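Me: I would like to see how the labels on a structure follow from their definitions. Please take them one at a time.

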Amino acid sequence: MTRDKVLIIGIGNPYRGDDALGCLIARELSAKALQGMTCIEHDGEPASLINAWQNAEQVILIDAVSSGAEPGHIFHFDLTKQAWPEQFNLYSTHAFGIPQAVELARVLGRLPAKIDFIGVEGQCFAAGESLTDEVKKAIQKTIVEILKLLD
Amino acid sequence: MKGHSADKNNNSRTIKVDYLARVEGEGALFLKIRDNLLEEVKLKIFEPPRFFEGLLRGRQFTQAADITSRICGICPVAYQMSAIHAMENACGVQVEGTLRELRRLFYCGEWISSHALHIYMLHAPDFLGYDSAIAMAKDFPDIVERGLELKKIGNDIMKLMGGREIHPINARVGGFYKVPSSQELATLRQKLTHAHDLALKTVKWTATLKFPEFSQDYTFVALRPPDEYPMNEGRVTSNKGLDIDVSEFENHFEEQHIAHSNALHSVMQPGNRSYHVGPMARYALNYDRLPDDIKQAAQAAGLGPVCNNPFKSIIVRAIEVVYAVTEALRIIDDYSQPKQVAVNVKPRAATGFSTTEAPRGLLYHRYSIDNQGLIKDANIIPPTSQNQKMIEDDLSRFVQSCLKLPDNEIQYLSEQAIRNYDPCISCATHFLKLNIDRQ
C-alpha cells in the first residue's frame, strides 16, 4: 500500500451551512493537484477517521468550529504536540467524535507522525448549502495557513 | 462529564452535572430524595424538537427515506428502512427475494456498527470505572482496538450498501439504486469471517464484567417475524400477550406530552404503562429464532432465554452482534446479483405503516400519501421516546436501592443505568444534566 505523504481531511456536512467549510477547502486543495498531497472529504465518523489516516505521514484536519469566537477566526492546533483543546471538546454523534478519535488514536499509538487541526469559526450551521460571508472570506486565508504547514 | 458541583446544606444535598457524557443529545436527570426515599425521577430532554414530521408534509413519498435518515447519524439505516417499508405498505408492494435479503444485510451493518460503538466506547467504561473509552484504552488497548475493528466492519457494510457510512443514500422505495457485485460481497465476506471471531470474543469479554444486582418484570415489546430474528418486519408482540399488526400500533401505544421533557413519552395503553424496547426485548421475544451456536454462546455467557437485568444488556448487544455477523455471512453466501435493483412502486392514496428494529429498539413510521405520492401526514415514534418512561421506572427502583451510597456514586450508577438503553436523545428530539435534590 502506498503512503500518502500529506493527507488533507476536510470534515463537515455540505448541507449544514458553514459546516461545509472543511469539504469545500478539501475540494479546492484537491483541484490544485499538489504532488504528494491527497485530499478527502470526511463526515467525521471516528473509527473510519482513524483508518483514513493510517498510511499518512502528515495529516491536516480541517473543520468548522463553534467556540464563540468571531466568525471566520482561524484556529490552528499542532495535535502532535498538544492534546485536543478542552474548549473544542464538544460532543458529537453518541459523544464519540473527532476529538475522541484523535485522542483515542494517540493512546493507541495510531496518530500520524505529524497532525494539525485547522478550525474556522462558523456562524450558521442551519440546513442549507450556502456559507455565511465571514466564513466564505476565510477560505482563502485558511488555504494559505494550510499550505504553510506543508513546508 | 463536565461541570460537576456539589452543595451541602444541612439536610439537603444537591448535585449538578452539566451533562451526561456518552449519551447522544441534550437532557438532564432530576432525582428528588426526601428522608432517604426517592420521591421523584425525571429524565428531562431539553433539546428542542426538530419537527421532522411537519417537514415531510408536501414532499414526495420517495423522499422520506433520505429526509428521515438525517434524524440520526447512528441509525440512519433504521430510518430509511422504516420509511421505505411504510411507503411500500401504503402502495401495496411487498419487496421479496434478494432485494429483501440485501435490506437485511444493510441492517446487519448498522447493528454491528452501532452495537460495537455502544459496547466498547460508551458502556464498557462504566463497568470498568473509567470516564471514557480514551482512559480505558490506556489500560485495555487491545480491547478498544477490537471495538474499533468491529465497528469498522459494520461501517464497511453500511458503506457498500448505502453508498457511504453516515447518512446513506442508496436505499429507495422498491429496492436500491445500485446493488453490490458478488466480488464486492466476497471482499466483505473475508472481513466478516474475522468479525465473527471478534464478536464471539466480545460476548465472552462482556460476560466477565461485574453487574449490579437489579432486575425488573419488564413488558418487552419487539417485532416477531414468522421465521427469523427481527430486523425489517414482523408482528408487534410483547411478553405479556400483545400480538398485533403494525397498522394497529397507535391503538395500543400513545405518545404523550410530558411537562419536563421536549421528547414525547410513548406509553402502552391501557394504563399509561412503561414498556421496554431494544436488544433485551428482541432477545426475550425471539430467543427461539437464534441459531443454536449463538444460543450456546449466550448460555456460556450466563444468559437464559430472557434477561431481566438491564445492566446485562451489554451482553445481549454482544449476542446480537454475533447474530448480525452470522446473518450477513449467510446472506452473502446465498447471494446472486439480481437483474433488477428495484421494483416499480406506484403511489396511491393510502396510509402506510412500518416498524423496524433499530439497534436501540422499535422505530415506528406512519405516512399518509395522496394519488400523486405527496405526503399528507407523517408520524415517527423513535425507540428512545418509547424507552424514556422505562428508564425513569428503572431509575426509580434502582436508585432507591442505593440511596445509602454517596451522591457521586449514585450519579455514576444512574448514568450507567441510563446507558443500559443506549438512548439516542437526538432521535427522541438530545445531553444530560444530573440534579440530585436530597433532603
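Me: What should I know about the model and its numbering?

Reply: This is a predicted model, in which local features need pLDDT of at least 70 and side-chain atom pairs count only at pLDDT 80 or more, while totals for chains, interfaces and linings use all residues. Residues are numbered from 1 along each chain as its sequence is written, and chains are lettered from A and ligands numbered from 1 in the order in which they are written.

Me: How many helices and strands does chain B have?

Reply: Chain B has 14 helices and 15 strands. Helices (H or I, at least four residues) and strands (E, at least two) are DSSP runs, numbered from the N terminus.

Me: Where does H4(B) bend, and what follows the helix?

Reply: H4(B) bends by about 35° at Ile119(B), the bend being the angle between axes fitted to the seven residues ending there and the seven starting there. After H4(B) comes Gly129(B), with a positive phi near 80°.

Me: Why is H4(B) called largely enclosed?

Reply: A residue is buried if 20 or more other C-beta atoms lie within 10 Å of its own, exposed if 12 or fewer, and partly exposed in between, with C-beta atoms placed from the backbone. In H4(B), 26 of the 32 residues are buried, so the rest of the structure largely encloses the helix. Over chain B, 53% of the 439 residues count as buried.

Me: What makes Asp35(B) and Asn36(B) exposed or buried?

Reply: Asp35(B) has 8 C-beta neighbours inside 10 Å and therefore counts as exposed. Asn36(B) has 10 other C-beta atoms within 10 Å, so Asn36(B) is exposed. Asp35(B) lies in the loop between strand E3 (27–34) and strand E4 (37–45) of chain B. Neither is a glycine, yet phi is positive: about 50° in Asp35(B) and near 60° in Asn36(B).

Me: How do you know that E7(B) and E8(B) pair?

Reply: Two strands pair if DSSP finds at least two bridges between them. E7(B) and E8(B), residues 235–238, have four bridges in the antiparallel sense. Leu223(B) stands opposite Val236(B), and Val221(B) stands opposite Ser238(B). E8(B) and E9(B) pair over two bridges, also antiparallel.

Me: Why are E7(B) and E9(B) called edges?

Reply: The open sheet has the order E7-E8-E9 in chain B. E7 (221–224) and E9 (243–244) of chain B each have a single partner strand, so one side of each is left without a neighbour in the sheet.

Me: Which face of E8(B) is covered?

Reply: Val236(B) and Ser238(B) form the covered face, and Arg235(B) and Thr237(B) the uncovered one. In a regular strand the side chains alternate between the two faces of the sheet.

Me: Where is the cis peptide bond?

Reply: The bond from Gln269(B) to Pro270(B) is cis, with omega near 0°. Pro270(B) is in the loop between strand E11 (265–268) and H9 of chain B.
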